[in-house]
Amino acid sequence: MFHFSRVWIAALVSSCVLVAASLTGAASAQDRRQNTPGEFDYYVLSLSWSPSFCEDAQERGNNGRSQQAQCGGRPFSFVVHGLWPQYEHGYPEYCDRSKEWLDRNIMTSMLDLMPAPGLIFSEWKKHGTCSGLAARAYFETVRKARAAVKIPEEYLQLSDTKMVTPAEIEDAFVKVNPGLSTQAMAVTCNRTRLSEVRICMGKDLQFRDCDEIDRHSCRRDQVSMPPMRGG
């Protein structure tokens with residue numbers, strides 16, 4: 001009996017060592033890829049509902065330059081928060097510290113889509129450097145990704161607060177974007193308001209499913225869409 005126990009324990013230990021080695025190897029493979037510019041699986045185009053952002057900022061008493069630029073008189077609806085390289089599980093960030101500097105002319109060229117200089121600079125540092133593209137090429141890709149998504153007409157000139165379900169927002173986007181499915185996007189929210197619509201795209205900017213992003217959709221029954229400001 002004692003001999004059997006020793007054999008069984010030895011086998012168990014050996015098995016554990018093999019499993020640990022396997023996990024270590026997998027982790028090492030992931031580590032070798034982690035934060036390597038250009039080494040990712042797909043993009044997430046994040047579209048922020050600007051009126052929600054501005055109301056949140058106002059409630060927090062945050063009146064910085066970025067808020068002033070975005071939340072002044074211009075009637076922004078959905079604006080680009082970012083175009084984020086993603087892994088199937090997780091994402092890279094701050095991939096190349098040597099390339100974090102961004103030409104001011106590139107920044108100003110993006111203000112029609114991303115109406116806050118600070119946002120543009122920070123998105124390049126955190127996400128753009130992971131794309132494997134030069135800054136100008138990355139922001140050209142951001143523009144192409146945004147052009148590939150049509151905003152539902154009912155959200156273009158919203159003059160009154162609108163109560164909607166996350167599913168209704170997804171359905172509205174799917175209806176006007178051929179090839180887009182609810183499995184390729186997520187609607188995010190805070191306590192009461194719509195925050196963002198996130199749409200998954202391959203490196204070719206074609207819509208594609210993304211289970212990890214889809215799982216993080218807003219779980220509230222309804223969210224509010226504050227009206228557009230100014231205009």
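At 9% relative accessibility, Cys218 counts as buried, a label that means under 20% relative accessible area, with exposed meaning over 50% and partly exposed anything in between (1.4 Å probe, protein chains only). Its disulfide partner is Cys189, with the two sulfur atoms 2.0 Å apart; a disulfide here is a pair of cysteine sulfur atoms within 2.5 Å. The Cys189 and Cys218 link is right-handed, with 80° about the S-S bond. The pair links distant parts of the chain, 29 residues apart: Cys189 is in strand 4 (residues 185–189), while Cys218 is in the loop between helix 8 (211–214) and strand 6 (223–225). Helices (H or I, at least four residues) and strands (E, at least two) are DSSP runs, numbered from the N terminus.

A word on the model itself. It is a predicted one, in which local features need pLDDT of at least 70 and side-chain atom pairs count only at pLDDT 80 or more, while totals for chains, interfaces and linings use all residues. Residues are numbered from 1 along each chain as its sequence is written, and side-chain values use heavy atoms, leaving out hydrogens and water.

Back to the cysteines. Cys200 and Cys210 also form a disulfide, with their sulfurs 1.9 Å apart. The torsion about this S-S bond, between Cys200 and Cys210, is about 80°, so the disulfide is right-handed. Cys200 belongs to strand 5 (residues 194–201) and Cys210 to the loop between strand 5 and helix 8, so the bond ties together parts that are ten residues apart in sequence. Both Cys200 and Cys210 are buried.

Then there is Cys95, joined to Cys130 by a disulfide with an S to S distance of 2.1 Å. A torsion of about 90° about the S-S bond of Cys95 and Cys130 makes this disulfide right-handed. Cys95 lies in the loop between strand 2 (78–86) and helix 4 (104–109), and Cys130 in the loop between helix 5 (117–126) and helix 6 (135–147), so the pair ties together parts 35 residues apart in sequence. Cys95 and Cys130 are both buried.

With bonded cysteines counted along the chain, the pattern reads 1-2, 3-4, 5-8, 6-7.

Helix 5 has its own buried set: Leu119, Ile120, Glu123 and Trp124. Viewed down the axis of helix 5, these buried residues fall within an arc of 130°, so they line one face of the helix. That arc is taken from the directions from the helix axis to the C-beta atoms.
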